[in-house]
Amino acid sequence: MAGSLLLGSAAIQDASAQDTRQIFNLGTAGITGIFWPTGGHTCNLVNKSRKAQGHKLRCTVESTAGSVSNLRAIKTGDLDMGLAQSNLLFHAYNGSGPFESEGPNKDLRFIMSYTTNMIHLVTRKETGIKSVSDLKGKRFNSGNVGSGTESTSYMLLSYFGIDPKTDLALDSKLTSREQSSALCDGKIDAYLYPTAVPVATIEEAANTCDIHIVSLNGPELDKLLAERPYFEEATIPAGVYHGVDQDVSTFGYAAALVTTANLSDEIGYNLAKAVMNGFESLKQQAPAFKLMTREKSITFGKQAPYHPGAERYYREAGLIK
């Protein structure tokens, strides 16, 4: 009888502990890109910090369609926070670009950014594609519907005077998981993928067929960078992918962690603290994080105000004044 009573008491305590735990979700993207593991590593740091930081938060990660989808789901409350390209955070906050019809979402808040996502325009050497202009008449994968990849693809094409509806032989909507095999199988001629360097799906293509990553330059790109200050020039180093023997000129943006002003200060504070305290551990999780610094992660890609909880921690830690 005593054992039964003790078991019942423990069960009640466990149930009570579960009742006081705050669960929040973090949207990422497809499971083969960098957003998915980034979200997972972030949640792991938060969940493992419960005892040390004295909170009862539990972070869960969700695979999604990507940046645009995440920003819309955050607005409707279907996601508590999500990863998004910093250029798309700018557009969502200001009601421009793909969010023009929806109007500005001034409730968006910035927590931090991770790595610089670099624009990869990947093709097979045999296609003869040497510039964005060469995509005319080709079969191009612009990214799955609702993704930041799709939005970035259309933006880049527009600067080079390419209409995806009339100038491409095919505007494919494959996911990041599908695009490399489709390229090497000859089903598409090129794809665009904004991601950290290196990434497994492009390594897969490089190890399967003879790929070429197109350098992005010229007056069209100069105009793009001048008009869109949330982008910066970047370089994909030679040798990072098999067969890519020269540096590739491109541009990039931050992968930002975004939420709204409605997220509790406790979540924003403890998440920021957990990630900053586990920063070196995070950098060891994947090659894509190795160039990160604490200072850059809390400033680069900040296209919306800080979340107040995160800002409080950054001030306490002396990371911002």
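Predicted model: local features only at pLDDT ≥ 70, side-chain atom pairs only at ≥ 80, totals over all residues.
Local features need pLDDT of at least 70 and side-chain atom pairs count only at pLDDT 80 or more, while totals for chains, interfaces and linings use all residues. Residues are numbered from 1 along each chain as its sequence is written, and side-chain values use heavy atoms, with hydrogens and water left out. Helices (H or I, at least four residues) and strands (E, at least two) are DSSP runs, numbered from the N terminus. Buried means under 20% relative accessible area, exposed over 50% and partly exposed in between, with a 1.4 Å probe and protein chains only.

**Nonpolar cores**

- A nonpolar core is a set of buried Ala, Val, Leu, Ile, Met, Phe, Trp, Tyr and Cys residues joined through side-chain atoms within 4.5 Å.
- The largest nonpolar core has 54 residues, of which L71, M81, M112, L257, L271 and Y314 touch the most other members.
- Helix 10 (residues 265–277) gives the most to this core, with seven residues.
- Leaving out residues up to four places away in sequence, L271 touches F24, T42, V46, M81, I111, M112 and L257; contact means heavy atoms within 4.5 Å.
- A second, separate core holds 24 residues, including L121, L157, L221 and F231.

**Cavity**

- On a 1 Å grid over the protein atoms alone, a cavity is a set of points where a 1.4 Å probe fits but cannot get out, and lining residues have an atom within 4 Å of a point.
- Grid points are joined across faces, edges and corners, and a volume is the space filled by probe spheres set on the points.
- The count comes to one cavity of 30 Å³ or more, and the largest cavity holds about 50 Å³ of space.
- The lining of the largest cavity consists of L71, R72, K75, A92, F99, E102, G103, N105 and L108.
- Helix 4 (residues 67–76) supplies the largest share of this lining, three residues.
- By class, four lining residues are nonpolar, two polar and three charged; Ala, Val, Leu, Ile, Met, Phe, Trp, Tyr, Cys and Pro count as nonpolar, Asp, Glu, Lys and Arg as charged, and the others, Gly among them, as polar.

**Disulfides**

- The structure has two disulfides, a disulfide being a pair of cysteine sulfur atoms within 2.5 Å.
- With bonded cysteines counted along the chain, their pattern is 1-2, 3-4.
- C43 is joined to C59, S to S 2.0 Å, and this link is left-handed with -40 degrees about the S-S bond.
- This pair links distant parts of the chain, 16 residues apart, with C43 in helix 2 (residues 35–48) and C59 in strand 2 (residues 57–62).
- Both C43 and C59 are buried.
- C184 and C209 form a disulfide with their sulfur atoms 2.1 Å apart.
- The torsion about the S-S bond of C184 and C209 is about -65 degrees, so this disulfide is left-handed.
- C184 lies in helix 7 (residues 176–184) and C209 in the loop between helix 8 (200–208) and strand 8 (211–213), 25 residues apart.
- C209 counts as buried because its relative accessibility is 14%.

**Helix 7**

- The buried residues in helix 7 are S176, Q179, S180, A182, L183 and C184.
- Their cover includes strand 4 (108–124), strand 5 (139–141), strand 7 (190–195), helix 8 and strand 8.

**H307**

- H307 is in the loop between helix 12 (294–297) and helix 13 (308–316).
- H307 counts as buried because its relative accessibility is 0%.
- Apart from neighbours within four places in sequence, H307 is in contact with R109, F110, I111, T259, T260, L263, S264, D265 and G268.

Technical notes. 1 Å grid on protein atoms, 1.4 Å probe; cavity = no way out; pocket = protein on both sides within 12 Å on 5 of 7 lines; lining within 4 Å.
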